[in-house]
Amino acid sequence: MNFDPRFSGRKFASVGTRPIRPDGVDKVTGRARYGADFNMAGQLVGRVLRSPHAHAIIRKIDTSKAEKLNGVKAVITAADLPDLTDGDAGMYDILDNCMARTKALYDGHAVAAVAAVDARTARQALKLIEVDYEVLPHVTDVDEAMKHTAPVLNDAVFTEGLEQKPVKPSNVAKRTQYGHGDVHQGFAQADFLVERSFKTEQTHQGYIEPHACVASVSSDGTADLWVCTQGHFVYRQHCAQLLGLEASKLRVTSSEIGGGFGGKTHVWAEPVALALSRKAGRPVKLVMTRDEVFRASGPTSATSIDVKIGARKDGTITAAEATLRYTSGPYAGMWAELGAMTAFACYKLDNVKTVGFEVLVNRPKTAAYRAPSAPMAAFAVESAVDELAKEIGIDPVDFRIRNAAQEGTRASYGPVYGPIGIGPTLEAAKHHPHMKAPLQVNQGRGMACGFWFNFGGQTCTDLNIGMDGTVSLAVGTVDVGGSRASLSLVAAEELGIDYSHVKAIVADTSSLGYNDMTDGSRGTFSSSMATISAARNAIKILRDRAAQMWDIPVDDVVWENGQALARGEKYGNLSPLSLKEIAAQSGKTGGPIAGHSELVADGAGVSFATHICDIEVDPETGATRVLRYTVIQDAGKAVHPTYVEGQYQGGAAQGIGWALNEEYIYGKDGRLQNAGFLDYRIPVCSDLPMIDTQILEIPNPNHPYGVRGVGETSIVPPLAAIANAVSNAAGVRMTHIPMSPPRILAAIDAERG
Amino acid sequence: MRYIRPLSIEDAVGQLAGAAGPAAILAGGSDLLVRMKGGFIEPDLIVDIKAIEGLSEIRETAEGFSIGAAVSCAVLGESAALKKAWPGVVEAAKLIGSKQVQGRCTIVGNLCNASPAADSVPALVAAGAKAVVVGPSGKRTIAVEAVPTGPGRTSLTKGEIIEAILLDKRAPRSGDAYLRFIPRTEMDIAVVSAGVNLTIDEQGVVKAARIALGAAAPTVLLVEEAAEALIGRKLDEAALERLAKVCSGACRPIDDKRGTIEFRRKVAGVLARRAATTAYKRAGGK
């Protein structure tokens, strides 16, 4: 029987409740093991030497002095990671990013690494490595990098996506375009036009746990890797390919994760640690410092975006256009493309056009960050939408409701929407008490909408029923946001047993089939689908065993409320058999009872949110204070509502930091000036109000319970919502994120002359 | 690396003076340990001064207060007498780092770290505080503003330790206040700051004033012209405007990751005006 993923509208017993989290006690007592908590006998300390230059040719690396230092067991450079990528350009970029091959492309780019008996020796060894650099001119700003006069990072890059292949290389790796209709015609019908340019600075995911791993390569070609990651199966594939190992012989175990937000979907230190271990013949532990995390891992794109939107007097948008330029670090990416796809996804538009440019700069390789690329596009678009509403004289919520996409709307990025939540979140915002909260002098209110696709993908799950009737669930999607609790609820729901009798773990790569990583808000969506499927497969076996125990045909056994029932009057005297009773007899009825599932989870429902916030601005200093913040988002079905609320609040908190203070600051020398949490200012607790949440449930028709991903959309509206609130409070349109106090004060002073 | 914990100031001075390699004084360690961990310094000798008699005490004397070099900012904040006499100094000390850091850090450490952005220093300078310096050639008392000579540099010579900070007994109708600007609400470094200390007469006319600015120049600035703008006047709008203008003009700030020149100039004036208003109220002015 094939698995039917369609929404069934069933009533729930476990799903939708709020039991305590299964990982809570370990996390608060320190028993939980994070990336740096694994240790092996004889393990060495790995450290990485990084380029101090933003752009430089590596003429020569002399490691001889470091190799002679007592206690040093291995020194590696790019020569120890030969190119095995076989023409795969994406993998080659990953390899080059892990260890610079011919050029250092950003401040912090790895150029060599050592493994030594202790940290002190490793640090000393790094000082003994001599790198002969030829420093080149660099460029870090997105608009500067697009100029013809900019230093070109890679002579082999000719802009893709143009009608004619350019004759000269440039820093623009790719042009993409989305949309439909005719924007020129649309703008001609408009009574009002808003046209503005926006900039956003580069931010880091800011996970509290730095990248950490322990690698152990045996001389027989097998290897183990313990690592903090969002996707150990993907890490296995990448590492195996880069190191020339067979995937089945590299066993990767994921640790607990102290935050990822997309930043732990890419390998950096892991291939280096494996190469060091292979050379040293001993396990190697490699933990990044915070400085390295900022300089070499993670960040999102810096952007420059132009938006033009036109509307008629009645408030109907006639055309919308955006040009989006996103930095991707020194390697090509698809970040501007994601911005171009998401920019106008909230709206029903007859004429829409978006163009994205992927821009290479001397900054770390851009990595995914929670709904990657969508927040910046939403900032530009939702700022312009707000301004347009003001010009027309319509309430900004009503203006958005009038133009909101609906079921059947053709999205600006192509597909036609099924049932969606943008309209309902806007209606909920309109009637939310937050909208009526009084505002004082220097205070302003802003709101904005956001969209994210959500992904599904390859998923594999095992459900094993113990002889005591308890259930262990092995999943392959790393738990970054409470999926073990949610998946336990789903297993309990499907089997009809209590949540406390289910224990979920994240299995290693040798224990389960391949799983895509936990990104795209897919963890609970896809693994719950696989868990439902696995549980239904187990139920088939449970029914079969009950039939054996009763000696009746299996077709006459049904599964209800955690027990087998004999169907039909003729079995009237048979009492139901509970899961526990069947499990206890399993040794005599055919052996262990388990359900397995492997599937591609299609049909991840798109996700929409509307945020409202109130900000106070000190007009004399530009200081801001977030007074109130409300998140309204469609969850499809909230499996564990507390976790869903946590995702809403977490995305908003990160968005607030991004909007107000977080940014990569580069000096004229191309070096990062603020590679630490002191001067890279994420919000502290006292910076935030209690973030209010409202969960809407518009079922996803492609999931048995109606679940949609919820993890990412919450970071999409904040930049725009806060920019609209600050603009209203300060009386001047803010167009540059972050709106740090010096930027706000300068804008106020410029406005007032 | 050698760690010692001497019991007398003389022993500590002797050990520091006799050290062959780089030596460091450890009180709370909230700067020292961070710099060691970051690999910025590798001292051969660490002299922990917390066991030295008297250094962990706040003494109230006929002349005022003597705050030992090992008194943590958290302990400072629990002294009711000090809070009453010098609320501006205490509020500045209580802004350093986080609650946890305040349990370790000291105002002498804050002074000797010689950051232009140190929170307690503008308040101490405004308060006219003095530092008692003990060294191989004896004891001397100097103005707090004479200690830092530039970012990370002090006027202390080899073997010298600041034993205590002295604050005068309070004249009647006096008040002080300290304000700093940070983009967050806590756990941050001042982008710019101002300490104001005022004494007024019965009519509310300012008799004495000291105004100091932080993060506005390579060292804390004592702005005498700002004091002149207030002395002999009530703290009316005109006086406050003049104060703000003088303070903005006195700044010699830089553009850096924490703020721009224009921002620091403008906000220095704003903070001086606001701190003066608070200090005036604390002095009993209306």
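Start by selecting residues 232-243 and 269-280 of chain A: the axes of helices α7 and α8 come within 10 Å and cross at roughly 50 degrees. α7(A) is therefore oblique to α8(A); angles under 35 degrees count as roughly parallel, over 145 as roughly antiparallel, 65 to 115 as roughly perpendicular and the rest as oblique. Axes are lines fitted to C-alpha atoms, for helices over the stretch in contact, with angles from 0 to 180 degrees between N-to-C directions. Helices (H or I, at least four residues) and strands (E, at least two) are DSSP runs, numbered from the N terminus.

This is a predicted model, in which local features need pLDDT of at least 70 and side-chain atom pairs count only at pLDDT 80 or more, while totals for chains, interfaces and linings use all residues. Residues are numbered from 1 along each chain as its sequence is written, and chains are lettered from A and ligands numbered from 1 in the order in which they are written.

Show the side chains of this pair next. A:Y235, A:C239, A:L242 and A:L243 in α7(A) meet A:E270, A:P271, A:L274 and A:A275 in α8(A) (contact: C-beta atoms, placed from the backbone, within 7 Å). The contact residues divide into 7 nonpolar, no polar and 1 charged (Ala, Val, Leu, Ile, Met, Phe, Trp, Tyr, Cys and Pro count as nonpolar, Asp, Glu, Lys and Arg as charged, and the others, Gly among them, as polar).

Now select 374-392 and 396-403 of chain A. The axes of α11 and α12 come within 9 Å and cross at roughly 110 degrees, so α11(A) and α12(A) are roughly perpendicular to each other. A:V385, A:D386 and A:A389 of α11(A) make the contact with A:P396, A:F399 and A:R400 of α12(A). By class, these are 4 nonpolar, no polar and 2 charged residues.

Move to chain B and colour domain 1 (2-49 + 58-168) and domain 2 (188-282) separately; the bounds come from an automatic or database domain assignment. The C-alpha centres of the two domains of chain B lie 25 Å apart. Their contact takes 19 residues from domain 1 and 20 residues from domain 2. On the domain 1 side, α5 (87-93), α8 (120-126) and β8 (148-150) of chain B each supply at least two residues. α8(B) gives the most to that side, with 5 residues. This side of domain 1 has 13 nonpolar, 4 polar and 2 charged residues.

Definitions and conventions
Two residues are in contact if their C-beta atoms, placed from the backbone, lie within 7 Å.
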